[in-house]
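Reader: Can you walk me through this one? Keep it quick.

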Amino acid sequence: MLQPLLQIRQTTALIGMDADPGILSITQSKGELNVTTTPGELEVHSFRPELTIDQSKAWAAFTGGSMADMNKRIYSGIQQLYLQGIAMKVEQGNRMAQFFKPGNTIAEVYGTDTEPNSFPETRGPASYDNVDILFQTRDPQIEYRPAEVDIQFEAHRPQIEYTRGKLNIYMQQYASIQFIPPEVNVQL
C-alpha cells in the first residue's frame, strides 16, 4: 500500500551584488631640470726675459766715460795729489830739520824731487770685469677660475584622483517554500 507523500520544495534566497571597483589614478608630470655651466678660464701671462749689458765701466776705462765721471775722477785725484804733496813737503821738512844726519843734505832732500807732478787719471780702472751682464726672468702669472655648475630642479606635485566604485545589492531570488500535497485518489 502506498502512503501519500507531501512534497516540500524550498528555494533559497539569492542576494545579488554588483560591484565595480574604484579607480585610483595618479599622474605626475616630469620635473624640470636646468643645468647651466660656466666654463672655467685659464689665463697665462708670460714675460720676455730681459738682458741688460752695462758697458759704462769699459767705456770709462777706454775713453774716460762721461764728463761728469771724468770731472769726479779729476777732482778726487787732485785732492789725493794735494794730500800727497803736503805729505812729501812735511817729510822733506822733517829731513831738513835733521840736516846733521847723513843723507839729509839739501841736494839729497830736494835734488831727487825733479819729476813733475802727474795729472790725475781721467780714465777708469781697466779690468776684465768692466762689463756687467744682467739676465732677468720673471715667472709667468697663471690665473685659473674653476668652472661653475648651477643645477636647478623644479618638481611637480603628483595629481591623485579617486573615482569611487559602485555597489548594487539586490534580491536576485526570494526564498520560497512550496508544499505539494499528494494526489488524493477519489475513486476509493
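**A buried glutamine and a nonpolar patch**

Author: Start with Gln92, which is buried at a relative accessible area of 6%. Bear in mind that this is a predicted model.

Reader: Which element does Gln92 lie in?

Author: Gln92 is part of helix α2.

Reader: And what does Gln92 touch?

Author: Val109, Tyr110 and Asp113, leaving aside residues up to four places away in sequence.

Reader: Which residues of α2 are buried?

Author: Met70, Ile74, Gly77 and Gln92. The buried residues of this helix pack against α3, residues 106–110.

Reader: How many residues does α2 have, and what does it span?

Author: Helix α2 covers residues 67–97, so 31 residues by the DSSP run. From first C-alpha to last it reaches 44 Å. That is close to the 45 Å expected at 1.5 Å a residue.

Reader: Switching to the surface. Which residues make the nonpolar patch?

Author: Ile15, Met17, Leu167, Ile169, Met171 and Tyr174 make it, with an area of about 690 Å².

Reader: Which strands each supply at least two of its residues?

Author: β2 (14–20) and β11 (166–173) do. The largest share, three residues, comes from β11.

Reader: Take Leu167. Which strand is that in, and is it buried or exposed?

Author: Leu167 sits in strand β11. Its relative accessible area is 54%, so it counts as exposed, the cut-off being over 50%.

Reader: And why does Gln92 count as buried?

Author: Because its 6% falls under the 20% cut-off.

Terms used. Residues are numbered from 1 along each chain as its sequence is written. This is a predicted model: local features need pLDDT of at least 70, side-chain atom pairs count only at pLDDT 80 or more; totals for chains, interfaces and linings use all residues. Side-chain values use heavy atoms; hydrogens and water are left out. Helices (H or I, at least four residues) and strands (E, at least two) are DSSP runs, numbered from the N terminus. The expected span of a helix is 1.5 Å times one less than its number of residues. Buried means under 20% relative accessible area, exposed over 50%, partly exposed in between (1.4 Å probe, protein chains only). Contact means heavy atoms within 4.5 Å. Patches are made of residues with over 30% relative accessible area and no salt bridge: like charges are joined within 9 Å, nonpolar side chains (Val, Leu, Ile, Met, Phe, Trp, Tyr) within 5 Å. Accessible areas come from the Shrake-Rupley method with a 1.4 Å probe; for residues, only the protein chains shown count as cover. A salt bridge is a side-chain nitrogen of Lys or Arg within 4 Å of a carboxyl oxygen of Asp or Glu.
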